[in-house]
Amino acid sequence: MERTLSIIKPDAVAKGVIGKILDRFESNGLRIAATKKIQLSREDAEKFYAVHADRPFFNDLVDFMISGPVVVTVLEGENAMAKNRELMGATNPKEAAPGTIRADFAENIDANAVHGSDSLENAAIEIAFFFAEREIA
(Lines give C-alpha, C1' and ligand atoms only; values in the text may rest on other atoms or scores of the structure.)
Protein backbone atom coordinates (compact mmCIF):
# COMPACT_ATOMS: atom_id res chain seq x y z
CA MET A 1 0.00 0.00 0.00
CA GLU A 2 1.57 3.26 -1.15
CA ARG A 3 0.98 6.82 -0.03
CA THR A 4 1.43 9.92 -2.12
CA LEU A 5 0.69 13.62 -1.77
CA SER A 6 -1.66 15.69 -3.88
CA ILE A 7 -2.07 19.44 -3.74
CA ILE A 8 -5.07 21.09 -5.32
CA LYS A 9 -3.55 24.42 -6.29
CA PRO A 10 -5.03 27.92 -5.82
CA ASP A 11 -6.44 28.10 -9.36
CA ALA A 12 -8.52 24.93 -8.94
CA VAL A 13 -9.60 25.90 -5.41
CA ALA A 14 -10.79 29.29 -6.74
CA LYS A 15 -12.80 27.52 -9.47
CA GLY A 16 -14.65 25.46 -6.87
CA VAL A 17 -13.60 22.07 -8.21
CA ILE A 18 -12.13 20.58 -5.01
CA GLY A 19 -14.90 17.97 -4.74
CA LYS A 20 -14.66 17.03 -8.41
CA ILE A 21 -10.90 16.46 -8.11
CA LEU A 22 -11.18 14.47 -4.87
CA ASP A 23 -13.90 12.37 -6.52
CA ARG A 24 -11.49 11.51 -9.35
CA PHE A 25 -9.10 10.02 -6.81
CA GLU A 26 -11.76 7.99 -5.00
CA SER A 27 -13.46 6.87 -8.23
CA ASN A 28 -10.14 5.49 -9.41
CA GLY A 29 -9.35 3.39 -6.36
CA LEU A 30 -7.36 5.83 -4.26
CA ARG A 31 -8.34 6.35 -0.64
CA ILE A 32 -8.19 9.78 0.99
CA ALA A 33 -6.17 9.13 4.14
CA ALA A 34 -5.93 12.81 5.15
CA THR A 35 -6.93 16.15 3.69
CA LYS A 36 -6.99 19.79 4.73
CA LYS A 37 -7.39 23.23 3.23
CA ILE A 38 -4.61 25.66 4.14
CA GLN A 39 -3.09 28.97 3.12
CA LEU A 40 0.64 28.59 2.51
CA SER A 41 2.96 31.31 3.78
CA ARG A 42 5.81 32.49 1.55
CA GLU A 43 8.21 30.65 3.85
CA ASP A 44 6.17 27.43 3.54
CA ALA A 45 6.08 27.62 -0.25
CA GLU A 46 9.78 28.45 -0.53
CA LYS A 47 10.68 25.53 1.73
CA PHE A 48 8.34 23.09 -0.04
CA TYR A 49 9.63 24.01 -3.50
CA ALA A 50 13.29 24.50 -2.42
CA VAL A 51 14.37 21.87 -4.95
CA HIS A 52 13.46 24.43 -7.66
CA ALA A 53 15.14 27.43 -5.96
CA ASP A 54 17.73 27.89 -8.73
CA ARG A 55 15.24 27.65 -11.58
CA PRO A 56 13.94 30.77 -13.30
CA PHE A 57 10.29 29.99 -12.50
CA PHE A 58 10.83 29.62 -8.72
CA ASN A 59 9.61 33.08 -7.64
CA ASP A 60 6.56 32.90 -9.90
CA LEU A 61 5.77 29.43 -8.55
CA VAL A 62 6.00 30.63 -4.95
CA ASP A 63 3.87 33.70 -5.72
CA PHE A 64 1.24 31.49 -7.35
CA MET A 65 1.16 28.93 -4.53
CA ILE A 66 0.56 31.66 -1.91
CA SER A 67 -2.05 33.48 -4.01
CA GLY A 68 -4.92 31.55 -2.41
CA PRO A 69 -5.70 28.48 -0.32
CA VAL A 70 -4.67 24.99 -1.37
CA VAL A 71 -6.00 21.55 -0.45
CA VAL A 72 -3.34 19.05 0.56
CA THR A 73 -4.30 15.38 0.53
CA VAL A 74 -2.63 12.10 1.35
CA LEU A 75 -3.74 9.47 -1.13
CA GLU A 76 -3.35 5.79 -0.36
CA GLY A 77 -3.64 2.68 -2.49
CA GLU A 78 -1.87 0.24 -4.75
CA ASN A 79 0.54 2.14 -7.00
CA ALA A 80 -0.87 5.37 -5.54
CA MET A 81 1.94 7.58 -6.81
CA ALA A 82 1.77 6.37 -10.41
CA LYS A 83 -2.04 6.33 -10.42
CA ASN A 84 -2.17 9.91 -9.13
CA ARG A 85 0.28 11.09 -11.80
CA GLU A 86 -1.79 9.33 -14.47
CA LEU A 87 -4.98 10.99 -13.21
CA MET A 88 -3.28 14.42 -13.15
CA GLY A 89 -2.10 14.29 -16.76
CA ALA A 90 0.84 16.09 -18.32
CA THR A 91 2.18 19.21 -16.59
CA ASN A 92 1.16 21.30 -19.58
CA PRO A 93 -2.64 20.95 -19.80
CA LYS A 94 -2.47 21.40 -23.58
CA GLU A 95 -0.53 18.13 -23.68
CA ALA A 96 -2.64 16.34 -21.05
CA ALA A 97 -4.80 13.44 -22.18
CA PRO A 98 -8.55 14.09 -22.34
CA GLY A 99 -10.28 13.28 -19.08
CA THR A 100 -7.26 13.98 -16.89
CA ILE A 101 -7.47 16.54 -14.10
CA ARG A 102 -5.20 19.01 -15.86
CA ALA A 103 -6.98 18.65 -19.20
CA ASP A 104 -10.31 19.33 -17.52
CA PHE A 105 -9.44 21.95 -14.89
CA ALA A 106 -6.05 23.62 -15.59
CA GLU A 107 -5.58 26.98 -17.27
CA ASN A 108 -1.96 26.70 -18.41
CA ILE A 109 1.41 25.21 -17.52
CA ASP A 110 1.75 27.56 -14.53
CA ALA A 111 -1.82 27.38 -13.20
CA ASN A 112 -2.07 23.64 -13.72
CA ALA A 113 -4.59 22.73 -11.00
CA VAL A 114 -2.68 20.05 -9.08
CA HIS A 115 0.66 18.91 -7.76
CA GLY A 116 1.55 15.27 -7.20
CA SER A 117 4.62 13.63 -5.71
CA ASP A 118 7.03 12.43 -8.39
CA SER A 119 8.60 9.56 -6.43
CA LEU A 120 7.88 7.50 -3.34
CA GLU A 121 10.84 9.11 -1.60
CA ASN A 122 9.52 12.61 -2.32
CA ALA A 123 6.01 11.52 -1.35
CA ALA A 124 7.23 10.58 2.14
CA ILE A 125 9.02 13.94 2.50
CA GLU A 126 6.06 15.92 1.16
CA ILE A 127 3.52 14.12 3.32
CA ALA A 128 5.63 14.76 6.43
CA PHE A 129 5.88 18.45 5.45
CA PHE A 130 2.10 18.89 5.71
CA PHE A 131 0.86 16.14 8.04
CA ALA A 132 1.74 14.64 11.41
CA GLU A 133 1.39 10.87 11.37
CA ARG A 134 -1.59 11.10 13.78
CA GLU A 135 -3.48 13.13 11.15
CA ILE A 136 -3.34 10.28 8.63
CA ALA A 137 -6.07 7.71 9.17
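How many salt bridges does the structure hold?

Tutor: This is a predicted model, in which local features need pLDDT of at least 70 and side-chain atom pairs count only at pLDDT 80 or more, while totals for chains, interfaces and linings use all residues. Residues are numbered from 1 along each chain as its sequence is written, and side-chain values use heavy atoms, with hydrogens and water left out.

The structure holds seven salt bridges. A salt bridge is a side-chain nitrogen of Lys or Arg within 4 Å of a carboxyl oxygen of Asp or Glu. Side chains of opposite charge can pair when their charged atoms come close.

Let us begin with Glu-76. Its side chain meets that of Arg-3 in a salt bridge, at 2.9 Å from N to O. Arg-3 belongs to strand β1 (residues 2-8) and Glu-76 to strand β3 (residues 70-77), so this pair ties together parts that are 73 residues apart in sequence. Strands here are DSSP runs of E with at least two residues, helices are runs of H or I with at least four residues, and both are numbered from the N terminus.

Glu-76 also forms a salt bridge with Arg-31, at 2.5 Å from N to O. Because Arg-31 lies in strand β2 (residues 31-38) and Glu-76 in strand β3, the pair ties together parts that are 45 residues apart in sequence. Arg-3, Arg-31, Glu-76 and Glu-133 are linked in a network of salt bridges.

Buried means under 20% relative accessible area, exposed over 50%, and partly exposed in between, with a 1.4 Å probe and protein chains only. Glu-76, at 12% relative accessibility, is therefore buried. Arg-3 counts as partly exposed at 28%, and Arg-31 counts as partly exposed at 39%.

A further salt bridge joins the side chains of Lys-15 and Glu-107, at 2.6 Å from N to O. Lys-15 is in helix α1 (residues 10-15) and Glu-107 is in the loop between α6 (101-105) and β4 (114-116), so the pair ties together parts that are 92 residues apart in sequence. Lys-15 is partly exposed, with a relative accessible area of 37%, whereas Glu-107 is exposed, with 51%.

Finally, Lys-36 lies over the face of Phe-131, at 4.7 Å from the ring centre. A charge sits over a ring if NZ of Lys or CZ of Arg is within 6 Å of the ring centre and within 35 degrees of the ring normal.
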